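Please look through the sequence and the 3D structure below before reading on. The notes that follow begin with the overall layout and then turn to one helix in detail.

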Amino acid sequence: MDQTDRRLIIELERGIPLTDEPFAEIGLRLGITEDEVILRIRRLREEGIIRKIRARINQRQIGIMANALVAWKPPEGWSGHEELASKPGVSHCYLREPVPGRWEYMIYTVHHKRSRNEVYEEVRSIADEIGVTDYIVLFSTEELKRLPAVRIDDSTEDLR
Amino acid sequence: MQVDRIDLLILDALQEDLPLVPRPFEMIADRIGITSADLLRHIEHLQEMGILRGITPVLESRSLGLHAGTLVALHVPDEKADWTIEIINSYPEISHNYRREHHYSLWFTISAPTHERISRILGEIQEKAGLPDEDILNLPTIRSYKIDVRFDCRMEDADGSD
């Protein structure tokens with residue numbers, strides 16, 4: 001990544017301009033051509049630095065009110081991680097270290113639905129399919145902070 | 001809620017990777033069957049209503065040097081909650097923080113270049129908020145199997161059958 005790539009990412013993080021030719025607009029701001037903007041984004045994507053460019057949505061505003069983190073404690077020797085992650089209702093799936101004796105859950109998934117009942121139903125059916133009976137559903141009641149997890153800080157241009 | 005069927009189609013379409021062509025909105029508008037001027041008007045409206053937070057890149061943490069991550073849960077008594085939330089949210093390394101219905105009521109994620117940096121942040125939070133060890137769960141990421149946030153934007157009156 002060179003300096004132009006970094007400036008490009010910072011521009012993209014401000015949000016794609018809402019105009020017919022957004023890449024030309026970004027090029028104008030950076031002093032490069034539209035073609036170069038598109039080529040650079042394509043390269044950053046191929047290199048796996050940009051995974052995707054997409055809308056960030058405040059899902060509560062469209063009625064998706066039940067947002068749950070589910071912590072799972074699979075039985076010894078269980079190996080259904082990939083299967084669990086592949087379920088369509090699962091937006092995130094992580095393996096984490098437990099806190100021995102205090103918190104034995106190791107797998108975490110995130111689910112978003114219109115109602116708590118829908119989440120419970122989905123989680124129950126996943127639990128049946130993957131053979132894990134020990135889990136806990138943690139509904140969020142308030143969003144206190146939500147930013148893209150990975151970003152290049154605008155003000156300092158430092159990587160955080 | 002002033003969201004119509006077109007808005008929902010747009011939200012659905014914009015959750016796909018943006019086409020890397022000179023006129024990406026025209027391409028999306030064609031797919032939905034509206035003009036690009038209409039599409040942009042709807043998008044602006046969705047942004048004003050706070051439904052759309054912007055069209056932005058999803059960056060890969062490891063390629064940008066963020067090699068360590070964790071999920072932290074805290075048990076915080078009510079009278080300390082506001083202060084503790086303020087401390088937590090002040091760290092740029094902390095991107096997500098939610099209140100959840102549980103004895104451990106605050107759940108947040110930290111990502112940083114190293115585990116040492118994460119330990120230091122966690123130590124500072126514990127000290128500033130005055131939390132005992134037993135009120136903290138630190139759950140470091142071993143492996144990520146999936147990160148693919150996508151909301152089903154179909155109408156509420158949809159029957160829910162998949």
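Read along its sequence, chain A of this predicted model follows the pattern α-α-α-β-β-α-β-β-α-β. In total, the secondary structure of chain A comes to 5 helices and 5 strands.

**Overall shape and packing of chain A**

- The C-alpha trace of chain A spans about 55 × 35 × 25 Å when it is taken along its principal axes.
- Chain A has a radius of gyration of 20 Å, whereas a compact globule of 160 residues would have one near 15 Å.
- Of the 160 residues in chain A, 28% count as buried, a residue being counted as buried if 20 or more other C-beta atoms lie within 10 Å of its own.
- If we take the contacts in chain A between residues at least 6 apart in sequence, 57% of them join residues at least 24 apart.

**A closer look at helix α2 of chain A**

- Helix α2 of chain A covers residues 22–30, and its buried residues are A:Pro22, A:Phe23, A:Ile26 and A:Gly27.
- Seen down the axis of α2(A), these buried residues fall within an arc of 140°, and therefore they line one face of the helix.
- As background, an α-helix has 3.6 residues a turn, so residues three or four places apart point the same way.
- The cover over the buried residues of α2(A) includes α1 (3–13) and α3 (34–46) of chain A, together with α2 (24–32) of chain B.
- Just after α2(A) comes A:Gly31, which takes a positive phi of about 75°.

Key:
Residues numbered from 1 in each chain as written. Chains lettered and ligands numbered in written order. Predicted model: local features only at pLDDT ≥ 70, side-chain atom pairs only at ≥ 80, totals over all residues. Helix = DSSP H or I, 4+ residues; strand = E, 2+ residues; numbered from the N terminus. Rg over C-alpha atoms; globule rule 2.2 N^0.38 Å. Buried ≥ 20, exposed ≤ 12 C-beta atoms within 10 Å, placed from the backbone. Contact = placed C-beta atoms within 7 Å. Arc of directions from axis to C-beta.
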